[in-house]
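This report describes a few parts of one structure.

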Amino acid sequence: YRDDDDINDVASMAGVNLNEESARIMATNSDLVGTQIQSCKDEPFLAAIPLHKRILEMAKKLGITDVPAEVVTFISHATQSRLRTVIEKVTVITQHRMESHKDDEWYEQATDVRSQLKFFEQLERLEKQRKDEQEREILLKAAKSRSRQEDPEQARLKQKAKEMQQQELAQMRQRDANLTALAAIGPRKKRKLDSPGLLTIGGEGLGMSGGSQAGLGTPSSRQYARQKITRVNLRDFIFYMEQERETSHSLLLYRALLK
């Protein structure tokens, strides 16, 4: 006669004795039963010895003479967690600051300061060009004048006009020399760096065979995605400290605002 559990047990119906199997497993892995296994070593985030000294110095002021190593490890992990939280929040703030809404259909551009600045720069450039043309005409008139009685101002204008003509002549010669050099060199040819098995040195191609061709062709044909870099500045940290309750009225925030 068998109990209902034995009858319904598939293992016993298959001829497997669970009690014997359990006893065998316990005998084999008896040293591992009741122990805690970790996948990696628990390493503190901060240096343990300097942190322990700092904690002891602060504890002695409160009448505590002994601080166990577990406290140091706990404070190190808490510092790591706090730093990770701060970096995550500041990163989100920086990403919001760097967002561009130009392509968003729910936003429309009201003003374009960059175009306005370019327009004013163009006006200043045209005004400067007009003044330079007027000064050039005055200098040319002074250079062409043949009055016998010349005052010092007229002589200064003639000397300035002569220097201006010499400078313009030097610029024209330099420009002609550059054009002549470019015409002698001819059109520049792009170096073929993407062709597998061809290494260009000094304009001459050196062929390579076998595995060298595959080794040279593989890296050049790959296109690696450029990783986007998030740059955090002091303004992002100030904004973060203003939003946090613990740092909104802290001395650190006021020091950061004074910088």
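In this predicted model, A48, L51, H52 and I55 of α4 meet V72, I75 and S76 of α5, where contact means heavy atoms within 4.5 Å. Sorted by class, this contact of α4 with α5 has five nonpolar, two polar and no charged residues. Ala, Val, Leu, Ile, Met, Phe, Trp, Tyr, Cys and Pro count as nonpolar, Asp, Glu, Lys and Arg as charged, and the others, Gly among them, as polar. The axes of the two helices come within 10 Å and cross at roughly 105°; α4 and α5 are therefore roughly perpendicular to each other, a label for angles of 65 to 115 degrees. Axes are lines fitted to C-alpha atoms over the stretch in contact, and angles run from 0 to 180 degrees between N-to-C directions.

Helices are DSSP runs (H or I, at least four residues), numbered from the N terminus.

| Helix | Residues |
|---|---|
| α4 | 48-61 |
| α5 | 69-98 |
| α7 | 152-185 |
| α9 | 234-243 |
| α10 | 251-258 |

The largest nonpolar core has eight residues: V86, V90, I93, I238, Y240, M241, L253 and A256. Such a core joins buried Ala, Val, Leu, Ile, Met, Phe, Trp, Tyr and Cys residues through side-chain atoms within 4.5 Å, buried being under 20% relative accessible area with a 1.4 Å probe, protein chains only. At least two residues of this core come from each of α5, α9 and α10.

E153 lies in α7. E153 counts as partly exposed because its relative accessibility is 41%, between the 20% and 50% limits.

Residues are numbered from 1 along each chain as its sequence is written, and side-chain values use heavy atoms, with hydrogens and water left out. For this predicted model, local features need pLDDT of at least 70 and side-chain atom pairs count only at pLDDT 80 or more, while totals for chains, interfaces and linings use all residues.

Technical notes
Parallel < 35°, antiparallel > 145°, perpendicular 65-115°, else oblique.
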